Amino acid sequence: MNAETGIGASALRKEDARFITGKGQYTDDINVFGQTFCVFVRSPHARAKIKSIDTASAMAVAGVIRVFTGDELTADGIGDLPCGWVVTSKDGNPMVAPAHPPIATEFVNYVGEPYAFVVAETLQAARDGAEAVSADFEVLEAVVDTGTATSSAQIHENVANNQAYDWELGDKDATDAAFAQADHVTSLDIVNNRLIPNAIEPRAALGSYDAASQTYTLYTTSQNPHVERVVLALFVQVAPEANLRVISPDVGGGFGSKIFVYAEETAVIWASAKIGRPIKWRADRSESFLSDAHGRDHVTKAELALSSSGEMLGLRVKTIANMGAYLSTFSSSVPTYLYGTLMAGQYKTPAIYVETQAVFTNTAPVDAYRGAGRPEATYVVERLVETAARELGMDPVELRRINFIPTDAFPYQTPVALQYDTGNYAASMAKALELADSDGYMARKAASEAAGKLRGRGYSCYIEACGLAPSQLVLQLGAGVGLFESAEVRVDVSGSVTVMTGSHSHGQGHETTFAQLVSDRLGIPFDSVNVIHGDTGRSDYGLGTYGSRSIAVGGSAIDKALDKIIAKGKKIAAHMFETTDDQVDFADGQFSYAGSNEPKPFAEIAGAAYIPAVYPLDELEPGLSEKAFYDPSNFTYPAGSYVCEVEIDPTTGETDIAKFVAVDDFGNVINPMIVEGQVHGGIAQGIGQALLEHGIYDSSGNLATGSYMDYAMPRADDLPDFQVDMTSTPCTHNPLGVKGCGEAGAIGSPAAVMNAITDALGVKDVSMPATPQTVWQTIQQGT
Amino acid sequence: MHRFNFRQASSIAEAHSTHAASDDAVYIAGGMTLIPSLKLRLASPNDVVDLSRIDGLSTISSAGGVLSVGATARHCDVAQTTDIPALASLASRIGDAQVRNCGTIGGSLANNDPAADYPAAVVGLGATVHTNSRAIAGDEFFVDLFETALEDGEIITRVDFSIPSRAAYAKFANPASRFAIVGVMVAETSSGVRVGVTGAGACAFRMSSFEAALSSNMSASALDGIAVDSSEFNDDLHASAQYRANLVTVMAKRAVAQLTA
Ligand SMILES: Cc1cc2nc3c(=O)[nH]c(=O)nc-3n(C[C@H](O)[C@H](O)[C@H](O)COP(=O)(O)OP(=O)(O)OC[C@H]3O[C@@H](n4cnc5c(N)ncnc54)[C@H](O)[C@@H]3O)c2cc1C
């Protein structure tokens with residue numbers, strides 16, 4: 001293996017040179033001949049009936065080409081934006097989804113929902129046109145609050161009590177029995193704050209229609225262009241699948257918010273055929289705040305039953321999850337299969353029962369956001385465990401230790417559907433305590449106190465199910481798509497390689513990590529590997545990137561294709577060595593045979609594959625190019641131990657994160673630098689959720705935090721130097737032994753921070769975000 | 001942005017007459033406040049009159065115990081000055097580097113954002129705001145929310161700060177915008193102790209109760225037990241009036257601690 005670029009090396013990222021020199025090609029950088037510009041006209045009301053829309057004055061604006069309303073899309077047979085996962089309620093009924101026309105027709109249901117759009121020669125003219133569109137609205141009472149949504153005004157005609165579903169998981173009777181026997185019950189009312197994702201690149205789309213070939217090309221900021229294509233073709237029915245190509249070029253961050261199929265790209269690609277010209281749209285930051293799918297927003301009652309010695313006996317969780325105004329693409333799965341299934345955490349709690357009621361409100365749709373369901377689950381479990389330890393007078397580390405699933409219990413079947421393949425939770429915990437200088441804590445606390453500060457410490461031992469996902473399992477649970485991944489490895493005549501993947505990089509560094517994998521296995525230079533992604537016209541159908549799936553599923557698919565390449569290479573080599581392929585070895589980039597002292601380098605075999613002189617063509621096809629589809633047999637289960645120490649200034653309530661330790665088990669790691677970067681970013685977002693970020697709607701449904709003036713994104717100086725390390729129990733069921741690392745930081749960190757803050761303040765709960773004012777008020781209430 | 005006419009002025013007189021001749025004009029200096037509001041179409045003037053290239057308008061000079069800061073001196077320029085470290089430190093903490101490289105003291109004062117930093121210095125240091133037609137005492141300049149003593153079309157030309165014997169500025173930044181939720185300037189000047197507060201109310205004001213206490217005892221503990229009346233304070237998404245009242249005391253104490261350190 002090459003020490004600088006092989007598996008396990010922190011190779012510098014191939015993509016960074018173009019990104020940091022401004023040479024990336026993002027959707028908005030792409031311009032095509034005849035391009036027009038589009039601006040969406042968005043609802044100023046949280047809930048209103050559209051009585052009429054006046055487009056005449058907009059049409060009169062110089063440069064305006066067309067003004068479209070939702071009725072025109074409906075008339076043209078354009079379907080609703082679908083939700084791709086059908087969750088079934090307790091009573092056996094499927095969830096109730098309201099109609100979701102891409103462009104509102106009869107009602108608008110959140111501030112920012114588009115009800116018309118203007119296409120013009122210039123962006124300026126499109127803006128002027130959009131300003132000239134007016135509508136006559138009958139304003140209706142808005143429903144905003146998650147906790148009371150079911151008893152508020154009914155938003156959608158077909159959705160009684162504003163409830164999409166009332167779902168359950170686990171054994172209710174067994175759980176009730178565990179509570180009946182318990183010596184102690186810890187209960188918490190938990191609010192998981194609404195977050196607004198804020199990828200650095202706003203969403204954008206450029207749609208064009210070629211009348212000659214009757215084909216559509218959509219450039220868009222999607223985390224999964226293939227799914228975008230399928231949804232637009234088969235469900236929304238914009239174009240036949242064969243006639244639609246979707247390209248996601250460089251994408252500047254997604255965090256989940258770019259998984260979904262949105263109104264804007266639908267409108268743009270559809271309308272491009274109507275006007276016969278390409279149409280470009282790019283969101284302003286204000287539009288991103290209003291119209292990107294938001295994250296989290298749960299109200300939960302959680303209870304943990306324990307024996308007097310701290311043994312966890314049962315867990316009962318009842319959550320109301322805010323879906324916003326409509327069911328976004330994967331929203332229904334987030335507070336159910338990505339949430340309830342994680343309630344065992346790292347513990348052998350024998351009885352668990354989870355109920356999730358999904359409700360509609362007049363707010364932006366809520367869907368997967370970095371971690372998606374798993375941060376919410378970890379928050380519930382880890383806040384409960386820490387609180388229980390305090391109530392029982394136990395060391396929270398000790399309480400965790402006695403409840404950890406022991407290493408000899410794997411594979412471990414949880415009471416909430418998942419089967420963990422492997423893990424060593426005590427090992428991560430031990431390493432984290434060491435890094436955190438646990439022994440020095442009392443001295444640090446004393447020093448803080450001497451300086452008039454409050455110091456607290458909190459832990460969080462998270463688990464996540466990622467590497468999404470075993471197709472047959474998720475299809476059985478209501479998913480509308482399989483979740484395998486595709487790969488193609490195309491060897492060039494000279495032995496360089498082009499890899500096509502159905503996963504998509506929007507910051508993760510696939511061009512580097514996948515190149516390391518290929519170069520390591522084929523023994524060819526790292527620079528000879530070119531990774532292509534994000535184009536339905538170039539790679540096979542794949543499922544994109546989210547759920548920390550790219551290396552575990554996409555990487556495994558590449559690995560499988562590499563097996564085929566090597567197998568074929570051996571066959572070719574066997575002919576050259578005049579032996580059989582089972583006599584040929586491949587290692588370090590060389591095909592060798594015991595009967596020859598002249599091994600054949602990979603490049604030579606590649607050349608021989610394309611200049612087919614040495615092998616019989618009735619036995620072997622020419623060429624060296626292989627495809628693979630990999631469907632995982634299980635989820636992967638990254639897990640880790642996080643320790644956070646905070647120092648609070650009681651005079652202002654300011655919280656300083658004095659120490660943050662993260663020890664993660666991602667199994668095998670291809671590029672430690674990239675993994676560490678992913679952990680850093682995730683922790684930044686988790687600390688953002690814990691201390692800073694809060695999407696707030698006022699009582700009439702206006703987004704009060706619609707810009708950076710009011711929505712606090714974490715900045716570098718809000719964050720400490722993270723101490724990051726790893727342990728490893730390789731995944732047992734994928735060929736690379738990898739687990740995935742994209743979400744861990746965001747999953748594990750909020751509970752660690754909030755456990756530290758509640759410890760410092762000596763209170764049971766503080767709601768996120770723990771802003772200085774919130775912390776100060778908590779202190780005031782205590783004195 | 002709506003269309004507007006961009007008018008480059010080369011002198012104060014020209015700027016003033018261009019403004020007067022238009023039925024809907026606005027000055028631009030650094031543009032850090034004006035341009036975002038133009039882009040969001042919250043403002044749509046016919047004429048934008050640029051002050052930023054007027055010769056001498058950005059000059060910073062110091063003579064006779066007075067630091068004189070030209071209206072178009074940028075925050076980054078003021079941050080480099082040494083006569084009043086508290087003022088330089090205040091300027092160095094406005095917004096981010098891009099904002100400091102464009103934003104000007106004149107623009108900040110004319111805009112009079114309730115959360116802006118400079119007003120605390122103008123009030124707290126007892127500065128004098130000079131315009132194309134008069135001199136306005138710092139205490140008289142800020143009238144209400146986004147409202148100043150400036151007449152329509154009046155141009156700030158410079159701000160004169162008498163150099164205090166000691167001064168310090170403490171800021172509690174809004175976690176989102178980093179503007180001041182509360183900022184307090186405490187100064188020992190030739191005319192006595194002054195305490196200027198920004199962020200807490202509709203516009204900057206002096207805390208006379210703090211000034212009295214600090215005049216006899218320049219120490220943080222002198223402020224203990226002095227009630228802060230929050231009845232007129234801002235109460236919004238970011239901070240309640242009560243929390244702001246607490247911050248006024250805490251920031252004043254921090255400033256005093258720094259000043260006496
Ligand atoms: C991201 C960001 C963060 C910021 N953070 C802070 C902060 O932490 N603290 C803070 O105090 N400020 C902050 N600001 C505001 C910043 O300081 C602005 O630069 C300042 O408020 C306005 O100065 P300007 O020169 O840019 O004015 P402009 O935007 O050019 O003008 C603002 C207003 O003042 C008028 N005006 C300008 N010059 C004169 C003059 N000489 N005479 C009369 N009228 C004039 C203009 O007509 C206009 O109405 C921030 C701004 C941004 C964009």
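Two strands pair if DSSP finds at least two bridges between them, and the views below are taken from a predicted model.

**View 1. The five-stranded sheet of chain A.** The sheet is open and its strands follow the order S7-S15-S14-S13-S8, with mixed pairing. Strand S7 (163-170) and strand S8 (184-195) of chain A stand at the edges, and because each has a single partner strand, one side of each is left without a neighbour in the sheet. From one strand to the next, the twist averages 10 degrees.

**View 2. Helix H5 of chain A packed on the sheet.** Helix H5 (residues 172-181) of chain A touches S7, S8, strand S13 (295-306), strand S14 (312-322) and S15 of chain A. The direction of this helix makes about 125 degrees with that of S14(A).

**View 3. The crossing of helices H10 and H11 in chain A.** The axes of helix H10 (residues 396-403) of chain A and helix H11 (residues 425-435) of chain A come within 10 Å and cross at roughly 160 degrees. Because of this angle, H10(A) is roughly antiparallel to H11(A), angles over 145 degrees being counted in that class. The crossing of H10(A) and H11(A) is left-handed. In the contact, A:Val397, A:Arg400 and A:Arg401 of H10(A) meet A:Ala426, A:Met429 and A:Leu433 of H11(A), and the residues of this contact divide into four nonpolar, no polar and two charged.

**View 4. The shell of residues around the ligand.** The ligand is surrounded by 30 residues, of which the closest are B:Gly30, B:Gly95, B:Gly103, B:Gly106 and B:Gly107. Strand S2 (25-28), helix H5 (97-102) and helix H6 (105-111) of chain B each supply at least two residues of this shell, and H6(B) gives the most, with five residues. Sorted by class, the shell around the ligand holds 17 nonpolar, ten polar and three charged residues.

**View 5. The contact of chain A with chain B.** Chain A brings 13 residues to the contact, and chain B brings eleven residues. On the side of chain A that touches chain B, the classes are eight nonpolar, four polar and one charged residues.

Key: Residues numbered from 1 in each chain as written. Chains lettered and ligands numbered in written order. Predicted model: local features only at pLDDT ≥ 70, side-chain atom pairs only at ≥ 80, totals over all residues. Axes fitted to C-alpha atoms, helices over the stretch in contact; angles between N-to-C directions. Helix = DSSP H or I, 4+ residues; strand = E, 2+ residues; numbered from the N terminus. Parallel < 35°, antiparallel > 145°, perpendicular 65-115°, else oblique. Left-handed = near helix turned anticlockwise from the far one by under 90°. Contact = placed C-beta atoms within 7 Å. Nonpolar A, V, L, I, M, F, W, Y, C, P; charged D, E, K, R; others polar. Near = placed C-beta within 6 Å.
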